Amino acid sequence: MLLTIPYSEDMYDAIDVSRHLVKGFIGRGRPITNLGLQRLMYDAWVEYYRDTGEYLYGDRILAWKFGPMVEDVYYEYRIFAAMPISFTKDPKEPIDRSTADFLDRLVESYPDATNIWRTGRGRDTIVPWKEVYEEGRHDIAIPFGTIIETECQR
């Protein structure tokens, strides 16, 4: 049985989370790539749920060829292609202090933001992605319940 939690108005928009993360990497002189950001968005969701039992953001996480992707975040930064993201906008909605601290700690935990996928946990080790990925499809969402059951029960 998959766990589900209804959408809450208290969740952040994934774009706002991504903007905070990107600003953190730029501010530390270590800009992140879009692909690295996608991986970090997934890890952030998982870690936040583990810590709080709540969703960080409610945007769907899709199973794309290179791993979990948050579509709006991907399109926000696609102009950078595989290059490090050199600028971003401010979040539309402010992120509260405890969540900002959580995101900042996450940024600090990745000393080489351009090589996030090479940290020994590539897409093939992400069980929820492997369970739903289909070659050539970009519209398959990874169920949050599956992520919770396989990633957040540790």
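This briefing describes the fold, the core and selected residues of one protein.

The model is predicted, so local features need pLDDT of at least 70 and side-chain atom pairs count only at pLDDT 80 or more, while totals for chains, interfaces and linings use all residues. Residues are numbered from 1 along each chain as its sequence is written, and side-chain values use heavy atoms, with hydrogens and water left out. The protein has six helices and two strands; these are DSSP runs, with helices being H or I of at least four residues and strands being E of at least two, numbered from the N terminus.

**Overall picture**

- Along the sequence, the elements follow the order α-α-β-β-α-α-α-α.
- Of the 154 residues in the protein, 47% are buried. Buried means under 20% relative accessible area, exposed means over 50%, and partly exposed lies in between, using a 1.4 Å probe and protein chains only.
- The accessible surface comes to about 8100 Å², and 52% of this belongs to carbon and sulfur atoms. Accessible areas come from the Shrake-Rupley method with a 1.4 Å probe, and for residues only the protein chains shown count as cover.
- Among contacts with a separation of 6 or more, 75% are between residues 24 or more positions apart. A contact means heavy atoms within 4.5 Å.

**The nonpolar core**

- The largest nonpolar core has 45 residues. Such a core is a set of buried Ala, Val, Leu, Ile, Met, Phe, Trp, Tyr and Cys residues joined through side-chain atoms within 4.5 Å.
- Leu37, Met41, Trp45, Leu56, Tyr57 and Ile61 have the most contacts inside this core.
- At least two core residues come from each of α1, α2, α3 (71-77), α4, α5 (127-132) and α6 (144-151). Helix α2 gives the most, with nine residues.
- Not counting residues up to four places away in sequence, methionine 41 touches Ala14, Val17, Ser18, Leu21, Tyr57, Val70 and Val73.
- In soluble globular proteins, nonpolar side chains tend to be buried together.

**Helix α4**

- Helix α4 covers residues 97-108, and its 12 residues should span 16 Å at 1.5 Å a residue. Its end C-alpha atoms are 16 Å apart, in agreement with that value. The expected span is 1.5 Å times one less than the number of residues.
- Thr99, Ala100, Phe102, Leu103, Leu106 and Val107 are the buried residues of α4. They fall within an arc of 160 degrees seen down the helix axis, so they line one face of the helix. The arc is that of the directions from the helix axis to the C-beta atoms.
- Arg97, Ser98 and Arg105 are exposed on the other side of α4.
- The cover over the buried residues of α4 includes α1 (14-27) and α2 (34-52).

- Leucine 40 lies in helix α2 and is buried, with a relative accessible area of 0%.
- Leucine 40 and tyrosine 110 are 70 residues apart along the chain, and their C-alpha atoms are separated by 9.2 Å.
- Helix α6 is largely enclosed by the rest of the structure, because six of its eight residues are buried. These are Phe144, Gly145, Thr146, Ile147, Ile148 and Glu151.
- The buried residues of α6 pack against α2 and α5.

**The loop between α3 and α4**

- Alanine 81 is found in this loop and counts as exposed, at 53% relative accessibility.
- Alanine 81 has a positive phi of about 50 degrees although it is not a glycine. Most residues other than glycine have a negative phi.
- Threonine 88 is also in the loop between α3 and α4, but is buried, with a relative accessible area of 17%.
- The side chains of threonine 88 and tyrosine 77 make a polar contact (2.6 Å). A polar contact is a pair of N or O atoms within 3.5 Å; within protein, one must be able to donate a hydrogen and the other to accept it, and residues adjacent in sequence count only if both atoms are side-chain atoms.
- Threonine 88 also touches Arg19, Val22 and Lys23, among residues beyond four places away in sequence.
- Isoleucine 95 lies in the loop between α3 and α4 and is buried, with a relative accessible area of 15%.
- Leaving aside neighbours within four places in sequence, isoleucine 95 is in contact with Tyr12, Asp16, Val17, His20, Ala100 and Leu103. Isoleucine 95 and aspartate 16 are 79 residues apart in sequence and 7.9 Å apart from C-alpha to C-alpha.
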